[in-house]
There are 2 protein chains.
Amino acid sequence: MPVKLTAPQASTLLPVRGVKLGYAEANIRKAQRKDLLVITLAEGSAVSGVFTQNQFCAAPVTLCKSHLAAKQGIRALMVNTGCANAGTGEQGMQAAQQSCAALADLLDLNAEQILPFSTGVILEPLPVDKLISGLPTAIANLNENNWLAAAEAIMTTDIVAKATSRRLLIDGQAVTITGMSKGSGMIHPNMATMLGYIATDAVVSQAALDAIIHHAVNKSFNCITVDGDTSTNDSLIMLASQQAGHAQISETSPHFLALRDAMTEVAIELAQAIVRDGEGATKFMTVQIDGGKDEAECRKVAYAIAHSPLIKTAFFASDPNLGRILAAIGYAGVDQLDVNQLKLYLGDVLVAEKGGRASAYREEQGAAIMQEAEILVRVDLARGAASCTIWTCDFSYDYVKINADYRS
Amino acid sequence: MPVKLTAPQASTLLPVRGVKLGYAEANIRKAQRKDLLVITLAEGSAVSGVFTQNQFCAAPVTLCKSHLAAKQGIRALMVNTGCANAGTGEQGMQAAQQSCAALADLLDLNAEQILPFSTGVILEPLPVDKLISGLPTAIANLNENNWLAAAEAIMTTDIVAKATSRRLLIDGQAVTITGMSKGSGMIHPNMATMLGYIATDAVVSQAALDAIIHHAVNKSFNCITVDGDTSTNDSLIMLASQQAGHAQISETSPHFLALRDAMTEVAIELAQAIVRDGEGATKFMTVQIDGGKDEAECRKVAYAIAHSPLIKTAFFASDPNLGRILAAIGYAGVDQLDVNQLKLYLGDVLVAEKGGRASAYREEQGAAIMQEAEILVRVDLARGAASCTIWTCDFSYDYVKINADYRS
């Protein structure tokens with residue numbers, strides 16, 4: 001069950017002026033399931049994207065990059081679940097192009113104004129005819145108030161729909177930010193098997209939006225892991241529909257930081273939601289590494305801990321078998337680590353120092369913290385001033401069940 | 001259940017002249033369980049060791065290295081299960097030293113002639129009094145024919161005792177090799193949570209034995225992974241008791257390769273046995289990467305596949321969800337990989353080429369192979385002549401169960 005995560009009420013998701021969402025049941029993999037989403041954007045919208053670093057990236061990812069580079073003015077996004085259209089070779093690229101052409105036709109755009117996204121099973125052909133035949137239904141119900149239905153339409157093994165809104169004032173004008181994400185397994189930084197869409201009606205330059213997305217992704221989606229698998233299809237998109245009526249925000253505007261931080265806050269909430277709904281998750285863990293020489297070595301230690309199946313199963317069992325964390329720190333690959341200097345904390349409790357168990361530590365303390373649904377693991381490497389924080393979940397029977405059964 | 005692995009018959013394990021083994025139930029963690037092993041070596045034996053690269057290495061590992069470096073002539077080994085004596089700080093080092101001193105006293109040796117080994121839970125103090133009080137019993141039953149009982153005495157979560165023998169002729173003299181290993185979880189190359197001891201009565205120089213152990217470990221224990229966790233206590237020891245009566249083997253001797261290859265064969269069998277008995281394992285997978293530019297990139301791809309929980313759970317489910325393998329190849333970090341050139345085979349069946357599913361591939365073929373207990377995954381990167389082979393197992397409900405319950 002998701003860890004302290006419930007689906008949002010539709011009424012809490014604020015419409016973003018200039019951004020409409022429409023969905024359909026296209027039967028791409030399963031019947032009677034929303035599996036196709038179309039988002040349209042007002043003319044003049046700025047769009048930024050970051051994509052998976054997997055070299056086996058999906059055809060739609062390649063096409064998204066090429067369409068963004070064409071600078072024709074993105075006017076619509078299209079997302080299907082049920083098939084990742086990855087590992088599909090030349091045929092997969094044709095299918096993605098065909099889908100874009102079909103949607104462009106229906107919306108009177110050119111194909112380079114469309115961004116396509118797919119998520120689901122890899123190595124299977126995209127049933128492009130089914131997708132295309134679902135488009136008219138999706139277009140027919142385009143609406144600014146469809147965020148919850150849209151968040152549901154992009155789910156795969158997700159249990160809970162993930163979306164959230166923020167409102168801020170810029171120059172006296174109300175600015176809305178609403179975002180949604182999907183993802184549950186094959187989750188790893190750089191980036192996660194996930195799709196994320198964050199829209200705002202703020203008036204913001206392309207350069208400023210690019211700066212915001214890079215800042216936000218490094219503080220959010222690049223700080224989560226479920227299973228260490230980097231997907232073929234990860235995409236995070238930020239949209240700015242330019243409708244809010246204030247003066248345009250550039251990177252040097254006084255309001256830039258306010259918008260950047262609000263967009264980042266939404267990104268963090270959506271990224272954490274993916275971990276809370278991680279496949280089989282029963283615990284949400286924050287792994288904070290302090291005292292490193294640089295952020296890179298902090299991340300090495302954080303991910304060694306967050307990826308260890310032994311640690312993740314111990315958290316699942318609420319078993320304070322914390323020597324496994326020391327072992328992970330030891331193999332994380334930090335150069336010339338002095339294990340006698342570092343300290344390991346669970347919550348506020350000092351567990352290990354001077355290379356061994358802290359003298360005041362009692363197993364009952366560890367056991368009590370391990371019972372919590374949200375747990376902080378903190379390591380002070382005591383060799384510098386750098387730090388990092390990442391989020392992960394535990395590893396349960398249900399993780400195996402979900403992934404053993406996913407296609408069936 | 002272990003994959004095609006059963007415990008050896010005691011009668012198939014050949015005694016090695018000059019090597020005696022004795023065991024005891026020392027109640028270190030659990031009662032009525034062999035948990036202490038002493039091995040004595042004839043005077044003049046050559047001993048080589050390789051140890052974990054985990055920086056949080058256990059006190060006995062540190063002490064082993066220092067005793068080997070002291071070159072006093074190793075005459076005895078001592079192994080306890082139930083406690084790893086790792087993450088135990090200064091107190092742990094004192095406990096290891098005390099144990100060595102006690103055994104040295106009983107055997108009329110000096111402490112630097114003893115190699116100590118521990119395996120079990122990390123971060124808990126070694127009950128050194130219990131260990132020491134078990135030593136007289138172990139010494140009392142020292143015998144050349146105790147290999148099976150010794151292999152049982154070093155087991156932790158292992159289901160099956162792991163030991164094997166080989167015999168070869170060198171210069172007309174019969175030479176025996178007998179080895180044993182333990183390990184099941186926290187298994188990763190460089191090295192695995194495992195202990196391995198391979199003894200021979202061959203007459204072999206220290207330099208030649210060092211060369212043999214490095215060759216053998218790279219072909220065996222450094223080619224296995226269960227869960228990607230590198231332990232704090234891994235140790236592989238090779239012993240040569242010099243009793244076989246042939247001329248001494250140096251690195252340039254005509255018989256060097258025969259001995260090296262026989263020792264390596266034993267190491268591979270013992271390493272594979274650890275994977276076959278991997279925690280919760282139901283499948284044994286060979287991952288072979290060909291056509292790489294160098295071995296390093298082949299290993300990156302092999303371990304990306306072997307460590308992916310998504311791939312391992314798909315194998316558990318016998319589900320040919322083989323796109324997950326393409327995804328792992330894509331994120332393995334191979335520089336400028338051309339995904340359109342590589343080929344993926346499952347057994348003899350070509351699954352993917354030209355960036356997508358092979359046109360002749362049928363899901364039934366993949367499904368049939370996934371039912372097997374031993375499966376070959378082969379990737380041809382088609383960009384060079386390097387290759388590598390590693391062994392791993394699947395990821396099952398029982399892996400979670402075993403590791404959630406290990407301490408209880």
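Two residues are in contact if their C-beta atoms, placed from the backbone, lie within 7 Å. That cut-off applies to helix α1 (residues 59–70) of chain A, which lies across β3 and β10 of chain A. α1(A) runs at about 145 degrees to β3(A). The model is predicted.

## The five-stranded sheet

β3 and β10 of chain A belong to an open sheet of five strands. The order is β3-β10-β8-β7-β6 (chain A), and the pairing is mixed. β3 (46–51) and β6 (162–170) of chain A stand at the edges. Each has a single partner strand, so one side of each is left without a neighbour in the sheet. On average, neighbouring strands here are turned by 10 degrees against each other, direction ignored.

Inside this sheet, strand β8 (residues 195–200) of chain A pairs with strand β10 (residues 235–240) of chain A. The sense is parallel, and the pairing runs over six bridges. Leu195(A) stands opposite Ser235(A) in β10(A). Helix α5 (residues 206–219) of chain A also packs on the sheet, touching β3 and β10 of chain A. The direction of α5(A) makes about 30 degrees with that of β3(A).

Chain B shows the pairing of strand β6 (residues 162–170) with strand β7 (residues 173–182). These two strands of chain B are antiparallel over nine bridges. Arg166(B) has Ile177(B) as its bridge partner in β7(B). The hairpin of β6(B) and β7(B) has two residues between the strands. There, Asp171(B) takes a positive phi near 55 degrees.

## The four-stranded sheet

Chain A has an open sheet of four strands, in the order β1-β2-β4-β5, again with mixed pairing. β1 (19–24) and β5 (114–118) of chain A form the edges. Each of these two has a single partner strand, so one side of each is left without a neighbour in the sheet. Neighbouring strands are turned by 15 degrees against each other on average, direction ignored.

β1(A) pairs with strand β2 (residues 36–41) of chain A in the antiparallel sense, over six bridges. Val19(A) has Leu41(A) as its bridge partner in β2(A).

| Strand pair | Sense | Bridges |
|---|---|---|
| β6(B) and β7(B) | antiparallel | nine bridges |
| β8(A) and β10(A) | parallel | six bridges |
| β1(A) and β2(A) | antiparallel | six bridges |

## Helix packing

Two packed helices are described by the angle between their axes and the distance between the axes. α1(A) and α2(A) pack at an angle of about 55 degrees, with their axes 8 Å apart. They are therefore oblique to each other. The crossing of α1(A) past α2(A) is right-handed. α1(A) makes the contact with Ala59(A), Pro60(A), Thr62(A) and Leu63(A). From α2(A) come Gly92(A), Met93(A), Ala95(A), Ala96(A), Gln97(A) and Cys100(A). The contact residues divide into seven nonpolar, three polar and no charged.

In chain B, the axes of helix α8 (residues 309–316) and helix α9 (residues 323–331) come within 9 Å. They cross at roughly 155 degrees. That makes α8(B) roughly antiparallel to α9(B). This crossing is left-handed. Leu310(B), Ile311(B) and Ala314(B) of α8(B) meet Arg324(B), Ile325(B) and Ala328(B) of α9(B). The residues of this contact are five nonpolar, no polar and one charged.

## The two chains together

Chain A superposes on chain B by a rotation of 180 degrees, with 0.0 Å of shift along the axis and an RMSD of 0.0 Å. That is the relation of a two-fold axis. Tyr397(A) comes closest to this axis among the residues of chain A, at 2.8 Å (C-alpha).

The contact between the chains takes 53 residues from chain A and 54 residues from chain B. On chain A, five elements each supply at least two residues: α2 (89–107), α8 (309–316), α9 (323–331), β14 (356–357) and α11 (397–405). α9(A) gives the largest share, seven residues. By type, the side of chain A that touches chain B holds 25 nonpolar, 20 polar and eight charged residues. 100% of the interface residues of chain A are also interface residues in chain B, so the copies meet through the same surface.

Key. Residues numbered from 1 in each chain as written. Chains lettered and ligands numbered in written order. Predicted model: local features only at pLDDT ≥ 70, side-chain atom pairs only at ≥ 80, totals over all residues. Least-squares fit on C-alpha atoms with pLDDT ≥ 70 in both. Nonpolar A, V, L, I, M, F, W, Y, C, P; charged D, E, K, R; others polar. Axes fitted to C-alpha atoms, helices over the stretch in contact; angles between N-to-C directions. Parallel < 35°, antiparallel > 145°, perpendicular 65-115°, else oblique. Left-handed = near helix turned anticlockwise from the far one by under 90°. Pairing = 2+ DSSP bridges.
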